[in-house]
Amino acid sequence: MMRQYELVERVKAYDADAREALLNKAYVYATQKHGSQKRANGDPYFSHPIEVAGILTNYKLDCDTIITALLHDTIEDTDATPEEINKLFGPKILKLVDGVTKLTQIELKSADSKQAENFRKLLLAMSEDIRVLLVKLADRLHNMRTLHYISKPEKRVRIAAETLEIYAPLAERIGMHDIKEELEDLAFQHLNADARNSITARLEFLRKKDDNIVERIVKELERVISTDGPKVEIYGREKRPYSIWQKMQRKNITFGELSDIMAFRAMVDTMPQCYEVLGYLHAAYKVVPGRFKDYISTPKPNGYRSIHTTVIGPENHRIEVQIRTHEMHEVNENGVAAHWAYKQGGGRDKEGTQYRWLRDLLDIMEHATEPEEFLEHTKLAMFQDQVFCFSPKGDVIALPAGGTPVDFAYMIHTHIGDTCVGAKVNGAMVPLRTQLNNGDQVEIVTSKAQTPNPTWERFVVTGKARARIRRFIRQQQEDQYRDLGKAIVQKAFRQAGYDYSEKGLEGVLKIFKQPNVVALVTAVGAGHITGREVINAVFPGTKDAQTARKFVPQDGKNRKRDHAIPLKGLIPGMAVHYAGCCHPLPGDRIVGIVTTGKGVTIHTIDCDTLETFADQPERWLDVGWDNDGEPEHFVGRLGLTVAHESGALSAITSVIAKNHGNITNLRFVSRTQDFFEMLIDIDVVDVKHLTNIIAALRANPVVNTVERARG
Ligand code: MN
């Protein structure tokens, strides 16, 4: 375990601005907080954050990052609180520690590789600051280095698989090549120990058989290049077991056939020298066709630059040589962290821009993803326009920012979206309009009886959900207009003294420019064509004897049932609307007013608004309630005058609740010293229900007056 002074010295060696006192404080704080906690191997727990900090000093990361590494498990695993960290180390450190804690708390449950990609994006989206991700990677690296101490084999395998699927590619994505390789190799040990052992045994055998082969080849290559060419440093090494394994799998070859298990690196000072080295190599040795790659002229998406070539080299060994400058090498190996080092060193940042490294990083990442429109200056803004949520099965679902449970439901399956009635986010019921956050666990509650709700369209953000809701509403509206229109036309036939016949309608389709009978009655239902116009066309010369008032039922009891168009089955808000001025209820005597393109609006027969339509008899429609079937809910509006005293409001609401009324809206109209007036909207079954509630309210002493509100 690294000692306190040792860690501080390492940071001070590369960061002249290091806040030594704060660094010491963090070291002491972490050891105190983790106290007697133990790691799986019996070491004190605090050795872990200190090792993580140590790993990060290898990348010369700034003092804040090192402090964050020391504190990274305190919130999650000890009694440390964010408030305390803020007080002791300040808001900047808290934000970083908090970021690492959040990454630790989310967990991938699905092994699907498509899920892995989304999960990586989630981690990137949650790492607002790249340093958060660097600490998390170092944390994972140290945990992998000590994974063999974990006793449960399933746990080891799960962590190793997650490392291979998620963290190694993340390290690669931000260019931390050596962390990526080490993570992969450690994971390989736990996932396929047999394969790894046979590869290492084989390497061992080859090493013994051909003593000092790597050193001999290095010497020979240096001689071939540097005799006439540029000064070059050659490094040779065996490839890592995991990369050999991958090659064996990819090319479907056995170990015996796999010749290039050694990798050589030629490092020079300048880019032109890279091509000189290439020239000397190709002049001296036979080139293996199809293996040459120039990543200097075309860098890899993650910023990797190098020339790769394979030759039949010294002693007839087939070898791969990677040619690069020292600077390219540093970026290739350490990625983002190398940019940090440049920034710290000051002079080496040729642009002189403080956040050069960040822009480079973003350039790197953008090659691999959608172009982002907005990049916040000091933040890692990747995927900030998306949120990533979990399904109960552990699948990661990507949504645009602002996505709601309805969007989520449609993302899983159209049917789930169509029938969703509620949602649980992280175990608690939330309204469907709730905006989801990264890492939320979302469970959709469905009901067979549910259909897409028009109000959803106001808050969904995905095109898929919106298109589906719109299509459903349009279809439903068409159906409703068709049913209403058919009822209107049938009634118009009867009133004119004829039997309804589709044949008659077919004959007049041309006049109304409609393709078929269904389209014609739908147009009537929507209010584009009146029933009277249809009759006049089918039976030219029919007397227009009906007047508006004759449509209005004089007395509900005398009304012939087949004269009134039943409202049953017509959904409020589609072809039929209930007027907000008079709030009609079942049992009320009602009349419909046809509105062009919007269907019918229902008013109570005594509503003042009706006078506006007195001179438009063609728009009046005789409609009636249809009381059989399931009780539906309607809004009744009451105007109350109530004594201005404490408890008055709760008295009123409890009276309404006792009478099974559901208050949907409540508004104060005026207030004096003694009274206040208010309007209450209540969901009721019919007018009788509302009358009961009114009677119960009148019986309560706090209520001065209560009336149905009109107009
Ligand atoms: Mn940790």
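Which residues of helix 4 are buried? They are Cys 63, Asp 64, Thr 65, Ile 66, Ile 67, Thr 68, Ala 69, Leu 70 and Leu 71, where buried means under 20% relative accessible area, exposed over 50%, and partly exposed in between (1.4 Å probe, protein chains only). The model is predicted, so local features need pLDDT of at least 70 and side-chain atom pairs count only at pLDDT 80 or more, while totals for chains, interfaces and linings use all residues. Residues are numbered from 1 along each chain as its sequence is written, and side-chain values use heavy atoms, with hydrogens and water left out.

**View 1. The whole protein.** The protein has 26 helices and 21 strands; these are DSSP runs numbered from the N terminus (helices H or I, at least four residues; strands E, at least two). Of its 711 residues, 50% count as buried. Its accessible surface comes to about 34900 Å², by the Shrake-Rupley method with a 1.4 Å probe; for residues, only the protein chains shown count as cover. Carbon and sulfur atoms hold 49% of this surface. Among contacts (heavy atoms within 4.5 Å) with a separation of 6 or more, 65% join residues 24 or more positions apart.

**View 2. Helix 4.** Nine of the nine residues of helix 4 are buried, so the helix is largely enclosed by the rest of the structure.

**View 3. The manganese site.** The manganese ion is coordinated by His 48 (NE2), His 72 (NE2), Asp 73 (OD) and Asp 139 (OD), at 2.1 to 2.3 Å. His 48 lies in helix 3 (residues 47-57) and His 72 in the loop between helix 4 (63-71) and helix 5 (74-77), so this pair ties together parts that are 24 residues apart in sequence. Donors are N, O and S atoms within 2.8 Å of the metal (3.2 Å for Na, K and Ca); water is not among the atoms, so sites may look incomplete. The spacing of the donor residues in sequence is H-x23-H-D-x65-D. His 48 is buried, with a relative accessible area of 0%, and His 72 is buried, with a relative accessible area of 0%.

**View 4. Thr 31 in helix 2.** Thr 31 belongs to helix 2 (residues 20-34) and counts as buried at 17% relative accessibility. Leaving aside residues up to four places away in sequence, Thr 31 touches Phe 46 and Ile 50. The side chain of Thr 31 reaches the backbone oxygen of Val 28 at 2.7 Å. Thr 31 and Leu 71 are 40 residues apart along the chain, and their C-alpha atoms are separated by 9.5 Å.

**View 5. Glu 276 in helix 15.** Glu 276 is part of helix 15 (residues 271-284) and counts as partly exposed, at 38% relative accessibility. From C-alpha to C-alpha, Glu 276 and Ile 225 are 8.7 Å apart in space, and in sequence they are 51 residues apart.

View 6. Strand 9 (residues 420-425) and strand 11 pair over five bridges, and Val 425 stands opposite Val 442 in strand 11.

Conventions: Pairing = 2+ DSSP bridges. Polar contact = N/O pair within 3.5 Å; in protein donor to acceptor, adjacent residues only side chain to side chain.
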